[in-house]
Each structure stands twice: as C-alpha cells, then as structure tokens.
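Here is a short report for a reader meeting this structure for the first time. Please have the sequence and the 3D view open while reading.

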Amino acid sequence: MVLLPTTVVGSYSVPEWLERLKTEYYQRRISAQHLAEIHEVAIKAAVKDQELAGIDIVSDGELRRDNDVDYFLARIPGVHIPQRAKTDYFDYYEAEVTRPLPELAVSASTGGPEPGTGLGLADDFRFTRQLTDMPIKFSFTGPFSLSRRIRDEAYEEPGDLVRALARRLNAEARELAAAGADLLQIDEPFLAGYPEQVDLAVEAVNLVTEDVPVTWALHVCYGNRYARPSWEGHYDFLFPSVKAARVDQIVLEFARKGLDDLRLIRQHGWDKWLGLGVIDVKSSEVEPAELVASRIRRALEYVPADRLMINPDCGLRHLAPEVARQKLRAMVAGAALVRAELAGSESSQAPRSEPQGGDTT
C-alpha cells in the first residue's frame, strides 16, 4: 500500500436529480427496478470521480442509501415501520420493535444470512467490485447508532437491542468477507451525542467484528445532518474505552474541529491506524493542497506515517458534485506533497556509498 493512502469516509455527493428520483420512488411513482438502474448509473459515476481524483481506496458512495439509518432499518426483520412513504433523506421516526428481533438463519458456507434473508450489503459490494480494480472500503452504520432511532418495546435491558443489532450486522459482515470485501468500516455518528454509553458501543462493535477476518475501521464523528454537526465537543469521551475495540483503525474528524484532539492519540497510546479527517465536509470552500499538507504534517507528530490514512472528516453527501471533486483532488495533492517530503527526507539521510577505486581527490 502507498504511504499515506487516501480514501473517503463513505458517502459521496448526491446529485439533485438523484434526490428527486429517490423521492419519486418513495412516493411510489417509479418502480424499484427503475430506481436500481438509476443507482447503478450514479455509483459508476461516483467510483469514476474518485479514481480520476487519485483516491487510493474508493467506495460506492453509499448512493443506494437514502440516509445512514433508514436504509438498514427498512431491511432488518423485526423492525416495524408503519409508514414507508417519505421524501429522500427524511427519516422514519416511527420505527419500533415490539418483540425481540427474530433469530437469523445462517448459511453454513459463508456464516452470513441464508440467501434472501440478508440486508443486501454483499450484493452492493459485489456490484462495486466489478467497476474498479482499486481497493474498496465498504461502510455500514453501527448498531449503537441504529438503536437510537428505534423505539424499543421488546427488551427489558436497553443494551440488548444494541447487541441484537450487532449480531445481525456480524452476519452481514461475514457475508461481505465471503464476497471478497477486505476493508469494512463501522460508522457510529450518534455516539458523540451519548458519550456516557461509549462502553456499550464498543462492546457492540466487538460483536460486529467477531470472527470476521478483514481490516476493520471505526468512524466516530459529531454528526453530518444537512451539512451541520449534531453535537460539539472533543474526543476525550472515546478514550480509553475505544482501545478495547477490536478494530484496526479509528477514523476521526479534525478539519472542522481543529487538530487539538491529536493529543489523545499520544496521551492514550493509540498504536493502531488513524484515519485523519483533513477535509471539512460542512463547508463548500475548497481547501488548498498546502493546508491539507499542513494538517498531515501536524498529525505526523503523533502518528507514524505508516499508520496514517488520509480522508475527509465525514461523508461528502451534502456537497455539490463539483465541490466534492475539487476537495478530493486537493486532498490527494496535499497527501502527495507530504509523501514527496518524506521521500526526500529519507534519501537525504541515506548513507553515501564509498567511491569504488581510483583517486578520490
């Protein structure tokens, strides 16, 4: 893998025409098959945009999803949503469970759901895999955040719903791994709003990742609803609990919030990868490559270059397509500047070979 690899967090810019057509589907004006074809066109364009920008690890842009919660709630057996007509990106606020989630029928061959009983994530990955030769990051919303949007009338212990969702996602992760996915990311955008429950969230993350032999990332942000943060604060709440998470990387936002929380990496001895947010997705102003580079240089004071991945703060969903493209190009250019500096530093420190024979004067 290249030094300081660049990637995205998950979602990509949603064109206005796609939002309109998604709403047409939710209002039952176009068929599911028509929408599926539309999604395929949008995903192909998103992957190509990332490749042209020079991104090292691409994603499907999560363009099949109306938002980071409802796509999953609408597919999980046992979650009841009384009214499914809506406008794209708006929420199913009436989702509920009235009895424990049903036991999942597991495939003996993959360890994932029996065919026809899963959430379709492996199919989503397979479609993206055929579009590109680049490494792919595949992300999905974590069990803690999903639970925050479900009215729980089934479990006596509130944490049991989170655990049940985690077991369901573990089965999906097994199927994704069997389909060839090797970099999976769990998104917990709600966790910053419930810092006192970080231990439960970490417990659930470990249920999701259990016995799934892939590289795991955990993304924790402060929300990105309508390009605005849902909460404010610092990542102190995440430490030291997150050190118990069986993941290989944490993906955090720094561009919007500033770089002060990098101190936590050293303070708590985080010795795994860090996904460094260097692009503010809540602003349409395109960062100069040198600003991106300066943020990476600062992070290198806390994290070695061979454990640092470069990404935007959060998903790019709310940015206009051209702004998203420009920001990704700036991110790639900033990473390239620092790579070149590191390569130059290494070459200047390399021992010089002694002259071979002849007069050296």
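The report covers strands, a helix, aromatic rings and charged side chains in turn.

This is a predicted model. Residue numbers start from 1 along the chain.

Begin with β5, which covers residues 215-220. This strand is mostly covered, with 5 of its 6 residues buried. β5 pairs with strand β4, residues 183-187. The two run in the parallel sense and share 5 bridges.

β6 itself covers residues 249-252.

Helix α7 takes in residues 198-209. Together with β4 and β5, α7 makes a right-handed β-α-β unit. How far apart should the ends of α7 be, at 1.5 Å a residue? The 12 residues of α7 should span 16 Å, and the end C-alpha atoms are 16 Å apart, so expectation and model agree.

α7 is mostly covered as well: 9 of its 12 residues are buried. Among them are Val 198, Leu 200, Ala 201, Val 202 and Ala 204. Val 205, Asn 206, Val 208 and Thr 209 are also on the buried list.

**Aromatic rings**

The count comes to 9 aromatic pairs. One of them is formed by Tyr 235 and Phe 254.

Charges meet rings elsewhere. The charged end of Arg 64 sits over the ring of Phe 127, 5.1 Å from its centre. Arg 148 lies over the face of Tyr 194, at 5.2 Å from the ring centre.

**Salt bridges**

How many salt bridges does the structure hold? The count is 24. The table gives some examples.

| Salt bridge | N to O distance |
|---|---|
| Arg 65 and Glu 62 | 3.7 Å |
| Asp 261 and Lys 257 | 3.1 Å |
| Arg 329 and Glu 322 | 3.3 Å |

Arg 65 and Glu 62 are both buried. In the next row, Asp 261 counts as buried because its relative accessibility is 3%, under the 20% cut-off.

Arg 329 is partly exposed, with a relative accessible area of 39%. Glu 322 is partly exposed at 36%. Their salt bridge belongs to a network: bridges that share partners join Asp 49, Glu 322, Arg 325 and Arg 329.

Terms used:
This is a predicted model: local features need pLDDT of at least 70, side-chain atom pairs count only at pLDDT 80 or more; totals for chains, interfaces and linings use all residues. Side-chain values use heavy atoms; hydrogens and water are left out. Rings of Phe, Tyr and Trp (its six-membered ring) pair if their centres lie within 6.5 Å; planes under 30 degrees apart count as stacked, over 60 as edge-to-face and the rest as tilted. Helices (H or I, at least four residues) and strands (E, at least two) are DSSP runs, numbered from the N terminus. A charge sits over a ring if NZ of Lys or CZ of Arg is within 6 Å of the ring centre and within 35 degrees of the ring normal. Buried means under 20% relative accessible area, exposed over 50%, partly exposed in between (1.4 Å probe, protein chains only). Two strands pair if DSSP finds at least two bridges between them. A crossover is right-handed if, with the strands pointing away from the viewer, the path from the first strand over the helix to the second runs clockwise. A salt bridge is a side-chain nitrogen of Lys or Arg within 4 Å of a carboxyl oxygen of Asp or Glu. The expected span of a helix is 1.5 Å times one less than its number of residues.
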